[in-house]
Structure formats: C-alpha cells, structure tokens
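Here is a quick tour for anyone about to open this one in a viewer. Have the coordinates handy and follow along.

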Amino acid sequence: MNEQQQPAPARRYSPLRELVLARLREFYREPEAVFWVYGFPILMVVALGIAFRNKPVEQIPVDVQDGSQAVEVKQLLEKDNRLLIRVHDEATCLSRWKSGKTDAVVMPLSGPGPRYRLLHDPTRLESQLARSLVNEQLTHPATSAESALVREDELQEPGSRYIDYLVPGLLGMSLMGGGLWGVGFVIVDMRIRKLLKRLLATPMKRGEFLAAIMISRLCFMVPEVLIMLGFTWLTFGVVIRGSLVALVFLVFLGAFAFAGIGLLVASRAKTMESVSGLMNLIMLPMWMLSGIFFSYERFPDVALPFIRLLPLTALNDALRAVMLEGQPLTAQWLRLGILTGWGVGSFVLALRWFRWQ
Amino acid sequence: MNAVIHCENLVKTYDGKPPVEAVRGLNLAVLEGECFGLLGPNGAGKTTTIEIIEGLLAPTSGEVAVLGRHWGRGEDDDTIRQRIGISLQETKLSDKLTVRETIRLFRSFYRNGLEPEEALRRVALTEKGDSWVVKLSGGQRQRLAVACALVGDPHLLLLDEPTTGLDPQSRRQLWDIIRDIRTQGRTVLLTTHYMDEAERLCDRVAIVDHGQVIALGSPAELIARLGGEHMIEFTLKDNGAFDPATLNDLPSVQSAQKESGQYRLAVRELHVALPALLGRLQQTGQALSGLVTRHVSLEDVFVALTGRHLRDEESPKS
Ligand SMILES: Nc1ncnc2c1ncn2[C@@H]1O[C@H](COP(=O)(O)OP(=O)(O)O)[C@@H](O)[C@H]1O
Ligand SMILES: [Mg+2]
C-alpha cells in the first residue's frame, strides 16, 4: 500500500444532473402536480371511453295494428332484431304514433292493392329508419346470401372504434398540455420567486439550465405515455398497429416540440396570469381544430392546410397513422418536418428572447 | 491594500414615468478581508448597488471592478462568478427540496468549493439537512441562503439584508456566522438598515442615502465625528416649548435638536453637561417629564446628516 497521503479526489458534481434531479424531486413531491399530469388524462380516457363505448344495438319501436294478420306480420318484422314490435288496436296505435311513442305503424290491409299501410314521418330521422327497415322486411323477406347484391360486414374490431380514434388524440393533447405547462409554468414560477435570478448569480451555464428543464420534461412524459397506453390497452383493448420504435420517436418529437413552445411562452412572461393567458391562447385553438375528439376534415376545405400546419394536428395525425394504420415514419416526412420546425423554431426564438431576470 | 470591489461614479436610473434615479454617482472601495456595510434607509439604493456589483443589473453609467475584473468582458464573468457568493434580498428556494439537496445543487455550479456537509456545518444546519425547505423557520432559511452563498468557497460574499425580518436570536446567530466567514479571511459586503447590525458587524460602513454615499468610515470614526459620545434625550411637562438652540452654550454640549416634542443633546462629557442642563431647566422654570442618556449610535449619525431617521419609511412620523 502506498503510505503517502493522497488528498481525497474532489468529488465531481454535474450541474446538469443536479438540476434535472431537483426538477424531478420537486415534481414528484407535489401530489397535485402528479395528479394533473398522470391522473387527469386517465380520468379523461375513462370518461370518454364510457360515454362513447359501443352501445348495444338500439331498438326501434314499430306498432302493428291488431287483426287477423297481426301475428304473421309481427313474426316477419321481428326477423330484424333492431325492430321492437308491439301489437295494439287501431286507436291505441294512432294515439301512440301521435305522441311519438312509436316510430312507425304498420296496418295490414285486406282486399286488392297494397297489402300494408305504413305510417311514417319523413321529417323524423328515426321514423325514416323505421320505414326502411320495415319496408325491407315486408318486401324482401329472407334474402338469401347467394342472391344478395350487397354483402354486409359488421366492423367492430379493435382499431376502428371511437376509442381507438380517441386515444392517439388524447395522447397528443396530454403531450401538448404537459409540454406547455411543465416547461412554461415552471420557468415563470422560478422567475417570480427570484430563483432564476439567484441561479444566474452562480456560474451555472444557461444552456445547461434550459437543457435540464427539457430533459426533466421528457422524463415526466415517459410514465405519462406508458400509463395512458397501458391503461387503454388493458381496459379497452386499444392496440398499436405500427412499430413501437416509431411511436416512441413520435412521442419524444412531440414532447420536444411542445416543450420548445412552452419555453417560448415563458421566455418573457413575468406573472402567472400572463403565462396562463398565453397558454390558453395557444392551446384552445388546437383543442378545437387539431382533431382530438373528432376529425378536423369537417372544417371548411380552405381551413384545412392551415389546420395541418398546427403542431398538434401534425402530432395527432402522425400518432394515428402509426397506431391505427401501422404506417412507417418514412411515410410522414411532412408531419415530422412540421413538428421539428415548431420545436426548433420556438427553441431558438426562446433562447433569443429569454428574460433571465 | 487591494480593493476587492471598486465602484466609480455609479449611476442607475430605472426607466419609468417618472424615471427613478436609484443610484446617483456612488463611489465605493471595499478592501480585502474586511466586512463592509452599506447602511441606509429603505429605498436608498442599496439593493440596486449590490446587484450592479453582482453583475445582475447593468449600471446606467459608471465603472465597477470586482476582484480586479469587469462584468461583460469575455472570460471575466465566469471568473467573477466562480469566486463570489451572494444572497439576494428575497429568494424563495424550492420548498420541496431538502436543505442538503439545495446545497448540493448550488455546489454543483462551482468548480471548487466546500463539501455540502461543511457548508451546512458552518451555518449550523446539519441537523436540518433532510428537512424540506418549506419546513424551515425564517432564520433557518436565511442561514440556508448564506450556506448557498458559501458553498462555492468564495473570496467575496455579497449579502443583501441578511437579517431583515428575523427575530433577535436569529439575527445574532447570523452575525456569528458572518463574523466567522470574515475570520477566515474572506471579504464581506452586506447591506442593512439596522444601525446596530452595522455597528457590531462591520469594520467599515458607508451610509447611503438617495443613491449616494454620505458618510464613510468605521462605526467608531463616524460616531466620533458627531463630536459627542453621549446623547441626552428629555421631554418637558406641559409640552413646554423653548428653542433647543439656547442649550448650545452649555458646557460639553456639541449639538442640540428637538424633534416631535423630544429634545436631544449630543454631549462629550455626561458628568459636565447633565448638571448644567438641569440647572438651566430650573432657571427657566421648565419641569422634566422624562430624561434618558445613552451612547451615540450610527442612527444619530444618520439623523445628524439627513435630519431623518433610518427607519422613517416604516414608521411614518415626520
Ligand atoms: N426594478 C425597479 N424599477 C423601478 N424602480 C426601482 C426598481 N427597483 C428599485 N427601484 C427604486 O429604486 C430605489 C432604490 O431601491 P433599492 O435599491 O431597492 O433600495 P434599498 O435596497 O436601499 O431599499 C427605490 O426608490 C425603488 O423604488
Ligand atoms: Mg434593498
């Protein structure tokens, strides 16, 4: 052994590591923040999943006037399980019809000419549906599969349900919210507390500080995404058709783009009010336009090119393409370009405008 | 002696309507190894001055040199930052970090410095190492702020109002910590509006008012300049009114003033002045309702220089 006393080597401290750790600790020690970031999106999926779950086939009430043919007609119509057939005398049928309790009334006729009289209301959608279902049963009973012109396929498998459409949208939405709040709010809070100024009075490198904020945001995001995808997979059977690597890449790119925008929003704001106002100004249009809950294709054609330029639209479209259609990233250069552009552009502007004190 | 801080003709005007001239031509030289105090009332420009020295504010005009280097000149910024430690007048450190984590974070920014444990020991926070910042008392938080300033083992410490708002015991504890830092050969610049703090802690004091240094010297020198070492304060029955100037000719009296019913005499020798004063009051038929004597303080120096009290802003009297 060497007898000579060596001074203990100075312990190495990595500012980047310490800054990221500080952010992570602050976050996980704040139960409310944890709830809003992780719990809230899950609650949202559950609520929407229940609200829009595939409902059992809705039954359409149709009355049949009592008489000699009533039983036969009832049996014929009941072959379509969407119809709910009740038999009543004429007066009851008419009064139920008038009060809207039934969507159509079938009155078997005797004598020459048409065999049935069908009461319906062309201005009521349900009544029209009842009319066509009844017509179909009375005029083409028991179409055999061979002679049919149209082969009907019922589509209810995972991948094409509303919940499947919804999950990528919610994922995009939570990446947007997390990025903007997780970065913007934190920075403005530090500015108000004069902590930013205090840090600036140390030899801390500004780039490292900003990098730490971005890195910690990406760290928070990982469980956020895993919980969301895991939960919807377990409860609704939502699956990912495309490559997992592509999905991970997209999620990181989206988180980066929104963290950049969050940084930009926070670069000058001096009060919580101004930063919240700006955040809502940025997020609200995207909540409405970027196809979270329903397709933005319903907006006027002239608006579509602009809507597609929004970062959340690009992210949602890309997420859906990967998760629902199994497309590779190479098929979506434009969307990736839009996201990267937003991220890099706002990051650069934020660095230029950032108010450190 | 080397000047660790050198300010020449420092001016800072805040934009606004109207613009605020916070610092108006301030000159300062802080020497190696001393504890220097900027003493002045609220709004005097102390924070503005110290933040200019810290490189956090740009002066409107004037020169600042810190450790012989200048802000904004290439490598100088990092060199200065590595060698100074500061505490701001108000900083809210992160509530949910522990004391030790906070110190580690600040330690990580410096190339060389103290072990976090050593910094904690110096401010007597070792036992609180694992407590969240939110759980600390005001005095403990302030000590943590000083520990964050110390952890880079700085040559120069700049502390803005380190004891404002603290209870007397916490203040004394901080004074001990600051004295300890000074004993280790570090230079300290602090601001305060407590005259007793400046008197007990500082080797030299600059009294600042309206953005200028109006007096400079050791507390003892400043007090000596008033002429008398003692102060007699008295009030008269029936609010008896007579001109304090008529007392100036009493033996050993250096100056006489009256302020809101209270007469104040600066005297050199109490045993000479006091009997003479009592005799004069008897002659003129005035009856005393109260009389105290005390040593002259920096407060009296400030009053003599400006006609105002250091803490005027906080207790509006005049
Ligand atoms: N950011 C600012 N903008 C405008 N005026 C300011 C600002 N900061 C301080 N002042 C004004 O400058 C003067 C000096 O303030 P300050 O340096 O904080 O004094 P002190 O620290 O001695 O109390 C005060 O009149 C204060 O109101
Ligand atoms: Mg101040």
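What follows goes from domains to a metal site, then to a helix and a few single residues.

## Domains

First, a caveat: this is a predicted model. In chain A, the domain assignment gives domain 1 as 60-154 and domain 2 as 162-353. Their C-alpha centres sit 53 Å apart.

Chain B also gets a domain 1, covering 3-220, and a domain 2, covering 227-295. Here the centres, taken over C-alpha atoms, are separated by 40 Å.

## The magnesium site

Which atoms coordinate the magnesium ion (ligand 2)? They are OG1 of Thr47(B) and OE1 of Gln89(B), at 1.9 to 2.2 Å. Thr47(B) belongs to helix H1 (residues 46-53) of chain B, while Gln89(B) is in the loop between strand E5 (84-87) and helix H3 (99-108), so the pair ties together parts that are 42 residues apart in sequence.

## Helix H9 of chain B

Now for a geometry check. Helix H9 of chain B runs over residues 270-283, and at 1.5 Å a residue its 14 residues should span 20 Å; the end C-alpha atoms are 20 Å apart, which agrees. The buried residues in H9(B) are Ala273(B), Ala276(B), Leu277(B), Arg280(B) and Leu281(B). Seen down the axis of H9(B), they fall within an arc of 135°, so they line one face of the helix.

On the face turned away from the buried side, H9(B) carries the exposed residues His271(B) and Gln282(B). Just after the helix, Gly285(B) takes a positive phi of about 75°.

## Asp103 in chain A

Over in chain A, Asp103(A) is in the loop between helix H4 (90-98) and strand E3 (104-108). With a relative accessibility of 8%, Asp103(A) counts as buried.

Which side chain does the Asp103(A) side chain make a polar contact with? That partner is Arg124(A), at 2.7 Å. Leaving out residues up to four places away in sequence, Asp103(A) touches Ile60(A), Pro61(A), Trp97(A), Leu119(A), Arg124(A), Glu126(A), Ser127(A) and Ala130(A).

Arg131(A) lies in helix H5 (residues 125-139) and is partly exposed, at 31% relative accessibility. Beyond its neighbours within four places in sequence, Arg131(A) is in contact with Leu118(A) and His120(A). Val62(A) is 69 residues from Arg131(A) in sequence, and the two are 9.1 Å apart in space, C-alpha to C-alpha.

Ile227(A) lies in helix H8 (residues 206-236), and at 37% relative accessibility Ile227(A) counts as partly exposed. Not counting residues up to four places away in sequence, Ile227(A) touches Tyr38(A) and Ile42(A). Between Ile227(A) and Arg29(A), which are 198 residues apart along the chain, the C-alpha separation is 19 Å.

Definitions and conventions: Residues numbered from 1 in each chain as written. Chains lettered and ligands numbered in written order. Predicted model: local features only at pLDDT ≥ 70, side-chain atom pairs only at ≥ 80, totals over all residues. Heavy atoms only, no water. Domains from an automatic or database assignment. Donors = N, O, S within 2.8 Å, 3.2 Å for Na, K, Ca; no water. Helix = DSSP H or I, 4+ residues; strand = E, 2+ residues; numbered from the N terminus. Expected span 1.5 Å × (residues − 1). Buried < 20%, exposed > 50% of the residue type's maximum accessible area, 1.4 Å probe, protein only. Arc of directions from axis to C-beta. Polar contact = N/O pair within 3.5 Å; in protein donor to acceptor, adjacent residues only side chain to side chain. Contact = heavy atoms within 4.5 Å.
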